[in-house]
Amino acid sequence: MNDEVRISQDSFAWAVEHVAEAFALTRGERHTIIYANAAFRRMAVPDAAGLIGRPLDESLSTEANGVLRPVLDRARRTGLGERSGVIVGLVGGASPLSCTVWPDMLRNGDTEHLVVELRRASADDMAPTTHRAVAERLLLSALREQDAARDAEVSRRGAALLSAESRRLSESLDERATLAAMSRMALPHPGDWCIVDTVGPRGSMTRQAVTHPEPATQAALSALDGRWLPRDDDEYGLPLAARGAGPWIIASDSHAFLHSASHPADVRDVLAGIVTGPLMTVLLTVNERLLGAVTFVSGEPERLLGADDIALAESLTSRSALALDRSRLYGEAIALRARAESANEAKSAFLGMMSHELRTPLNAIGGYVDLLDLELHGPLTELQKQDLGRIRSNQRYLVGLINDLLNLTKVAGGKLGYSITDINACDLLTECVALVHPLIGQNQLEFDRVRCDAQLTLRGDREKIIQILVNLLSNAIKFSPPGRRIIVEGARTSDRVLLLVADTGIGIPAHQLDIIFDPFVQVKSDTLGQQSGVGLGLAISRSLARGMHGDLVVESTLGEGSRFTLTLPIAAT
Ligand code: ADP
């Protein structure tokens, strides 16, 4: 049985339970008795419990059924009330009775119940006063039903409001937009308005919005913007919540509440002119953190705020609190990212500047080493020459490192220009292999030849591709023990050229494959021990590749070797 039916049945029972006349309510085509008042129960059957839930005709003799059933059926069908002839042979009673039937219609015109009244046939006509009393009571139940329908409508509007509110709140991660969405929040009763206050980072209270459904009142309230602020002695809203009250406060005389604080006279004047009913403050909290408070002010002085209003207000505010918290966190994350980005930029600028500053004296060191080595200032002993050799190799290492750093800061900062041309892939690969060929021999590695289609042409910056390929080849040589193989190939897809540098060296553990492209990452190797380099080559190479609308990827199996593929756009034929 749905709520509306239960309410109507309850109302009916409330109206007729103790009247002298016998009333019952039936339902459905079989006229199942769903309620019988005390008089009916007394009149119809000795065992009242057996009456409810059974069809009415089971309580009647066949003869009585013959008279009553057509009347009941007709009333159901036509929706019109009717009075029966004399009925004899009710199960529990012997005296002749007469019956009056009223259909109880649903709003769609269907008959929901029949109201059945039995009375002794001898009392031919009911006294007019009784008729009036019953009519009044039925009217009263109809009114109660109307109330129930209104409540149902309000909760339907509440549910619709909640879902619309959730949608609006979830639409934005921006704090201001979330607050704007919250400010339009109100209970679904006409004339209700709302005040939204929030707590700032240092506990400061801000009145975010005051929303009233009537434009004129809204204009008057908006004119108080910046004047009607939360005051410590307010007996409602955020100040009271901040004093530890809550989760809600309901005030019966909200005028007194709104006026109680030491607000300016113009504020009090405007508030005095607004019709208000009770008010209720609900806290905006997330994980017990107080973010603010929403005060709902009823627009009807007579309105009672009930459990439904509190539940709806709490749902609205808990959603708002989550949305507000989320948008604040998002705002903080954005601010943190901006700070991190600017710190990163400062770091890059510093690295760039330092590298420049270091490069000049390091080049000077190199120059003086060459000068000494040429023995222009006098002959050198063998030991002095050896020491000069060590100074030179360290100087070169430092220059290389600084060049890499400069390169990285330029590439990462997007400050590098690219001079893109059509380049023959095969020539390019052969040229790069020639540059490292002595090292292949020195490390006793096997190298067959460059495998590539002679016509293959790509688009890119020649110098930068050479830088990438030489880095890949140097790594392949560096991370391959003697006797292993280096493979260099050019291939193509429909729109890309693939330049491949593979080796059968030590390989890279699977869990490190992603991070070797990050700056300063080096994989520890048991096989080869400490290798030169600082872990910048691949980071620079990938950034360069991407700067040319290409990419650099790796496949590798530990102990078996690695395969780096540089992809670049193919040249139009
Ligand atoms: P560097 O060579 O200066 O250390 P890279 O950025 O060029 O820096 O390479 C990063 C790391 O990736 C290397 O230290 C090495 O651990 C791993 N690596 C790169 N290429 C290979 C390869 N062909 N075989 C095995 N490991 C490699």
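**Exercise 1. Work out in which order the strands of the open sheet lie, and which strands stand at its edges.**

Step 1. Five strands, in the order S12-S14-S15-S17-S16, make up an open sheet with mixed pairing. Strands here are DSSP runs (E, at least two residues) and helices are DSSP runs (H or I, at least four), numbered from the N terminus; two strands pair if DSSP finds at least two bridges between them.

Step 2. The edges belong to strand S12 (446-447) and strand S16 (551-557); each has a single partner strand, so one side of each is left without a neighbour in the sheet.

Step 3. Now follow S16 to its partner: S16 and strand S17 (residues 561-569) run antiparallel and are joined by 7 bridges. Within this pair, Val 553 has Thr 565 in S17 as its bridge partner.

A word on the model before going on: it is predicted, so local features need pLDDT of at least 70 and side-chain atom pairs count only at pLDDT 80 or more, while totals for chains, interfaces and linings use all residues. Residues are numbered from 1 along each chain as its sequence is written, and side-chain values use heavy atoms, with hydrogens and water left out.

**Exercise 2. Find which helices lie on this sheet, and describe how they pack on each other.**

Step 1. Look at S16 and S17 again: H14 lies across both, running at about 135° to S16. Angles run from 0 to 180 degrees between N-to-C directions, and axes are lines fitted to C-alpha atoms, for helices over the stretch in contact.

Step 2. Compare the two helices: H13 and H14 pack at an angle of about 145°, with 10 Å between their axes. H13 passes H14 in a left-handed crossing, meaning that the near helix is turned anticlockwise from the far one by less than a right angle.

Step 3. List the contact, taken as heavy atoms within 4.5 Å. On the H13 side, the residues include Lys 464, Ile 468 and Leu 472, and on the H14 side they include Leu 538, Ile 540 and Leu 544. By class, the contact of H13 with H14 has 6 nonpolar, 5 polar and 1 charged residues. (Ala, Val, Leu, Ile, Met, Phe, Trp, Tyr, Cys and Pro count as nonpolar, Asp, Glu, Lys and Arg as charged, and the others, Gly among them, as polar.)

Step 4. Asp 404, Asn 407, Leu 408 and Val 411 in H11 meet Ala 539, Ile 540, Ser 543 and Leu 544 in H14.

**Exercise 3. Decide which residues of H6 are buried and what covers them.**

Step 1. In helix H6 (residues 215-222), Thr 217, Gln 218 and Leu 221 are buried (buried is under 20% relative accessible area, exposed over 50%, partly exposed in between, with a 1.4 Å probe and protein chains only). Down the axis of H6 these residues fall within an arc of 100°, so they line one face of the helix; the arc is that of the directions from the helix axis to the C-beta atoms.

Step 2. Turn to the other side of H6, where Pro 215 and Ala 216 are exposed.

Step 3. The cover over the buried residues includes strand S6 (193-199), strand S7 (205-211) and helix H9 (265-272). S6 and S7 pair antiparallel over 6 bridges, with Asp 197 opposite Arg 207 in S7. Their hairpin has 5 residues between the strands, and Gly 203 in the turn has a positive phi of about 85°.
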